[in-house]
Amino acid sequence: MTTAAKKKTASKKKKANGCNCSHPPLKDAILEHLKLTLAHDASKATKHDWWHCLSLAVRDRMVTHMIETQAAHFKKKTRRTYYLSMEYLMGRMLVNNMHNVGVYDEAREAIESLGLDWDEITEEEVDMGLGNGGLGRLAACFLDSLATLDLPAIGYGIYYEFGLFKQEFVNGHQVEHPDSWKKFGTPWEIVRPEYTQHIKLYGRVEQVFDARGDYREEWIDTKTIEGVPYDIPIAGYDTKTVNFLRLWSSRSSEDFDLDEFNKGDYVEAVREKAIGETISKVLYPNDRTENGKELRLVQQYFFVTCSLHDIIRRFRMSFEDWEDFPKQVAIQLNDTHPAIAVVELMRILVDEENLEWNFAWSLITKTFAYTNHTLLPEALERWSVPLFEKVLPRHLNIIYGINNQLMDTVEEKWPGDNAMKREVSIIEESHPKMVRMANLAVVASHTVNGVAAIHSQLLKTRLFPTFDALYPGKFTNMTNGITPRRWLRACNRGLARLIDSKIGNTWSKNLDELKELEKFADDKAFQKAYMDIKYANKVSLAETIKKDCGIEVDPAAMFDVQIKRLHEYKRQHLSLLHILHLYRKLLHDPELDIVPRVFIFGAKAAPGYYLAKTIIKAINAVGEVINNDERIGGKLKVAFLPNYRVSLAARIIPAADLSEQISTAGKEASGTGNMKLALNGSLTIGTLDGANIEIKEEVGDDNIFIFGLDVDDVAALDEKGYDPFKYYNEDENLKAIVDWLGSNYFSSGEPGALKPLKDSLLEGGDPFKALADFKEYCECQEKVDEAFRDKSRWARMAILNTARVGKFSSDRTISEYAEQIWKLKPVPVK
C-alpha cells in the first residue's frame, strides 16, 4: 500500500472506530437482543434468530444517530428535501448498513466468535419488497447519498405488504407468486402510530357559501382511510447522519363490526378492514382492469396525501407564515406516480388553509420539482376523467382550474393557436377525456429534469418541445448515479480490498479517486490480482446458477450478462437472436473457434405484458435445447436466473465480463445497471442510448463496444417508414434465425408458443428495430470475442472501466440536485 493510501485508511478507521463508543460491543448486544428481545437461549437459536439479533444490534447504533440527526435538523430549522417515490428497491439492508455505520469487521468477528457461519447468517435476510426496477433502485441509491452527504431529507413511499411478485419458471414460462417479504417482520422498521393520517376518498363536491359569504366547493360524503407510518433508518457512510424513509401502511378507519360478528357474519365483520388494507397490499397491481386502474390511483393519492400532511405538520412545528413554506420545503416527484401531490397540496392550501388561489399556486410552483424517467409516450400516466370524478372529485375540479390558467398562459404566448393548447393541455380531449399527469407535473414544477444528457435533450426536443418553449430554462439534466457503498464495497469485497491496498479506502465517498487506478492498468501483477478476483466471483455465481437453474457452467467462459426489467425496448430478444446466430454457426461447424460464453439473464415481466412473457419463454426454451446439445461441446450455455432482485444482482454484477446495454436508441432514459457493471469491471456492449453515451465519454472509445442505430437514425427510419421485412428478406442468415425461432423446434411440447415473438418482429412492425440492428450487433460481438482472447488487453480494459466511472456516483448526482434544484445545504451532525 502506498504511503498516501495508508494515511487515508488510517484516517478512515479512526473515524469509524470512534462513532459507536456509547454502545456495548456488538457481540454483547447480539446476545442481549437474543435474550431480551427474542426471548431465546443461544442453544436453541436459529440462523434467522441470529440474523435478527445482529440486525437489531446494528439498528441500535443507527437509531441513536437518527435521533441526534433529527434533533440537529429541528434545532437549526433546516430546509429539507422530501423525496416522493412509489417504489424503493432497497434489497437487503444488513451488510450495507454495517459498512455505512462502520461495524462490518466487528460484526463478522462477533458472529464467527459465536461459532456461526457469516455467509449463512447474512443470507437469512429477505429483500425488501418495496420496488421493481431502475426507478426504485435509483431512489434507494439517492437515500444512501443524501445521508452520506449530510443533507436533510426524508423519503416517502408505501409500505407494501407484498412486493411485485416472486418469479418462478414452469416449463419455461414465468409464473408469479406473492412476494410475502414481511411474513416474519423486519428488524429495520419503526412504527409511528402517533403520526397516523386520516385521508378522504370518493364522495362528491357540493357548492356552498362559507361564513364570510364567499362561494366555495366542499368535498363531502367521503370515505376515510388511515395511513400508519413506518420509518426505516437510512445511515450515511462515514458520518453520523441517519435520515429515514417513511412508508405508509393503509388501515380502515372501521376495522371491526362487532354487530355483524355477533350475528355470525364473520366475513362481513372484517370487510372494511380488508378493503382498507388493500391499498398498501401490493406493489403495482395489474391495471389492465378498471378495478386495477382505480386501485393504482388510490395508492398514489393515499401516499402523497399522507406525506403532505406529515410535511405540513413538521413545517408548523417551527413556522406559521405560509410564505416560509417553499423556503423550508423542497418536494421532488420521482416520475409521474406522485404528481397528484400537486393537486392535493393545492386542495389543502385552498380548502383547508383558506389561502387565495393565486397565492397558493405560487407556493406550489416554488416547492415542487419533477424528474422524468421515460421517453415512451405510452408510459406517461394518464387517468380517465370519469375515474377521477369517482375517486377524487374535488381534485378534478382543481385540475380544471389549473388547466384554465395554463390555457390563458398559452393564449398570451401564441394567440389563437388551438393546436398548442391541445398539445400542452392537462386534459386530453379524447373519449373518454384523460388527465395527463406528466403535463400536470411539468406545469407545477419549477424544474424538470431528465436523467442522462441525451434523455434531457430529447425531453426538450421530442417529448415536451412546446413546454420548453413556454417555460424557457425549466428543463435541465441530472445524470443518474449509483452508490459505490453497495455496488462495490459491499457486493464485491475482494475488489474493494484490492483497491484499498493500492489507493486507500476513501474512494467510497469520493469515487473520482478511482482514477488513481489508471496507473496500474498495465501492471501485470495488478492485472492478475484483478482478474483472479473476477474469476473467484464467477466461481461463486456458477454455484448459484447450478443451484437455481441446474446448469453446469465453466467460470473460464465469458459471462455475457443482461439483467434488467423485461421490456421490448431493452431488447432481450435481440440478444436471443445473437445466441441463435452463434448456435446455428456451431451446428454448421462444430469445430468453429469461438470464445465459450455463458449468457446470463435476469428479468421480470409485468404480469399483464404478454409479449415480454413470451420472450422469457423463448429464452428458456432456446436455452433448454442449447444446454443439452452435446454437438456444440459446451461452447454456449444459457442461464435465466429466476426471481431477479437486488441481492441476486449483487451476485451477478461482480462476476460479469460483458454488460449488455442494447436498448433501442432514444428509448432508455439512462439506465443504472450499466454503471454498476462498468464499476465492477464489466465491459459494455451497447447502443448510443441513455447513459451509455456518457460512459463511453468517460471510459474511452477503446474500452467499450458500441454498435447500431443512433437516435437520429431511428427517427429517420421511422420518418421514411420502417419495414422489418426488408432486413428479413435481404439477410438469409437473419431470415433463417427468425423462422427457426417462430417454428416449433424449440417448443415442440407447446406448438405455436413462440410464434407471437416472430409475429412481433415481422407483421408487428418490429417497433424497437431489433432486425435493423441485428447485423451490426453480431459484428460488434465478434470484436468482443477477439478482445476477450487477449487476456492482458481485456484486463486493462476492465481496470480502466473501474477507474474511470467515478462520475456515476449517486453522490455526484445528489450534490447537483442539492445545489441546482433543491438549494439544500449539508447539516453535519456533531
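User: In this predicted model, which elements each supply at least two residues of the lining of the largest cavity?
Analyst: The lining of the largest cavity includes Asn96, Arg137 and Ile234. In this predicted model, the elements that each give at least two residues to that lining are α4 (94-101), α7 (134-148) and β9 (223-235).

User: What is the volume of the largest cavity?
Analyst: The structure holds two cavities of 30 Å³ or more. For the largest cavity, the volume is about 90 Å³.

User: How do the residues of the lining of the second largest cavity divide into nonpolar, polar and charged?
Analyst: Among the residues lining the second largest cavity are Lys564, Ile662, Ser663 and Asp689. By class, that lining divides into one nonpolar, seven polar and four charged.

User: Which residues have the most contacts inside the largest nonpolar core?
Analyst: The largest nonpolar core has 274 residues. Helix α11 (residues 290-316) gives the largest share of this core, 11 residues. Beyond four places in sequence, methionine 90 touches Met128, Leu130 and Leu245, among others. The residues with the most contacts inside the core are Met90 and Phe388.

User: Why do the buried residues of α2 line one face of the helix?
Analyst: Helix α2 (residues 26-36) has the buried residues Leu26, Ala29, Ile30, His33 and Leu34. They line one face because, seen down the axis of α2, they fall within an arc of 140 degrees.

User: Against which helices do the buried residues of α2 pack?
Analyst: The face of α2 turned away from its buried side carries the exposed residues Lys35 and Leu36. The buried residues of α2 pack against α3 (47-75) and α5 (104-113).

Conventions:
Residues are numbered from 1 along each chain as its sequence is written. This is a predicted model: local features need pLDDT of at least 70, side-chain atom pairs count only at pLDDT 80 or more; totals for chains, interfaces and linings use all residues. Side-chain values use heavy atoms; hydrogens and water are left out. Buried means under 20% relative accessible area, exposed over 50%, partly exposed in between (1.4 Å probe, protein chains only). Helices (H or I, at least four residues) and strands (E, at least two) are DSSP runs, numbered from the N terminus. The arc is that of the directions from the helix axis to the C-beta atoms. Contact means heavy atoms within 4.5 Å. A nonpolar core is a set of buried Ala, Val, Leu, Ile, Met, Phe, Trp, Tyr and Cys residues joined through side-chain atoms within 4.5 Å. On a 1 Å grid over the protein atoms alone, a cavity is a set of points where a 1.4 Å probe fits but cannot get out, and a pocket is an open set with protein on both sides within 12 Å along at least five of seven lines; lining residues have an atom within 4 Å of a point. Grid points are joined across faces, edges and corners, and a volume is the space filled by probe spheres set on the points. Ala, Val, Leu, Ile, Met, Phe, Trp, Tyr, Cys and Pro count as nonpolar, Asp, Glu, Lys and Arg as charged, and the others, Gly among them, as polar.
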